[in-house]
Amino acid sequence: MRILSATLCSVGAIATASGQDNRDLAIAHSQAMVEFQAGNYAKAATDLEALVSRVEVTSQVEPIFYTIGSAYFNAGDYPKAIAAFETYQAIFPKGPHAGG
């Protein structure tokens with residue numbers, strides 16, 4: 001539930017992303033999280049990766065980067081999970097999940 005709560009908070013960040021079609025981004029995020037909650041983790045991860053490629057990287061979207069790693073982990077794709085968590089840690093070295 002913690003991941004869901006943190007990720008839902010980032011919907012507001014997506015909705016205010018500068019220069020983006022805010023509604024489409026929010027819908028894409030919601031759809032990815034529906035996939036995550038339904039247990040379609042690989043689909044959620046790829047959808048979230050597509051989403052973060054469309055937004056400005058700020059601390060407001062930090063939960064999405066972490067959720068990508070969690071989704072790959074839950075899907076059993078450990079190499080992609082590791083890569084996603086390493087990306088998270090590189091971008092957000094002081095983030096709540098960075099472990100540092």
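Tyr-88 has a relative accessible area of 1%, so Tyr-88 counts as buried. The model described here is predicted. Tyr-88 is one of the buried residues of helix H5, takes part in an aromatic pair with Tyr-66, and is among the members of the largest nonpolar core that touch the most other members. The points below take up the helix, the rings and the core in turn.

**Helix H5**

- Helix H5 covers residues 78-91, and at 1.5 Å a residue its 14 residues should span 20 Å; the C-alpha atoms at its ends are 20 Å apart, so the two values agree.
- The buried residues of H5 are Ala-81, Ala-84 and Tyr-88.
- Viewed down the axis of H5, these buried residues fall within an arc of 65°, which means that they line one face of the helix.
- An α-helix has 3.6 residues a turn, so residues three or four places apart point the same way.
- Pro-79, Glu-86 and Ala-90 lie on the other side of H5 and are exposed.
- Helix H4, residues 62-75, is included in what covers the buried residues of H5.

**Aromatic pairs**

- A pair of aromatic rings is described by the distance of the centres and the angle of the planes.
- The count of aromatic pairs comes to six.
- One of them joins Phe-36 and Tyr-41: the ring centres are 5.2 Å apart and the planes stand at 80°, so this pair is edge-to-face.
- Phe-36 is buried, at 8% relative accessible area, whereas Tyr-41, with 24% relative accessibility, counts as partly exposed.
- Tyr-66 and Tyr-88 also form an edge-to-face pair, with 5.6 Å from centre to centre and 70° between the planes.
- This pair links distant parts of the chain, since Tyr-66 belongs to helix H4 and Tyr-88 to helix H5, 22 residues apart.
- Ring pairs join Tyr-66 and Tyr-88 with Phe-65, Phe-85 and Phe-92 in a cluster.

**The largest nonpolar core**

- The largest nonpolar core has 22 residues, and those that touch the most other members are Leu-48, Ile-64, Phe-65, Ile-68, Tyr-72 and Tyr-88.
- Helix H2 (22-37), helix H3 (41-52), H4 and H5 are the elements that each give two or more residues to this core.
- H4 supplies the largest share of the core, six residues.
- Leaving aside residues up to four places away in sequence, Leu-48 touches His-29, Ala-32, Met-33, Ile-64, Thr-67 and Ile-68.

Notes
Residues are numbered from 1 along each chain as its sequence is written. This is a predicted model: local features need pLDDT of at least 70, side-chain atom pairs count only at pLDDT 80 or more; totals for chains, interfaces and linings use all residues. Side-chain values use heavy atoms; hydrogens and water are left out. Helices (H or I, at least four residues) and strands (E, at least two) are DSSP runs, numbered from the N terminus. The expected span of a helix is 1.5 Å times one less than its number of residues. Buried means under 20% relative accessible area, exposed over 50%, partly exposed in between (1.4 Å probe, protein chains only). The arc is that of the directions from the helix axis to the C-beta atoms. Contact means heavy atoms within 4.5 Å. Rings of Phe, Tyr and Trp (its six-membered ring) pair if their centres lie within 6.5 Å; planes under 30 degrees apart count as stacked, over 60 as edge-to-face and the rest as tilted. A nonpolar core is a set of buried Ala, Val, Leu, Ile, Met, Phe, Trp, Tyr and Cys residues joined through side-chain atoms within 4.5 Å.
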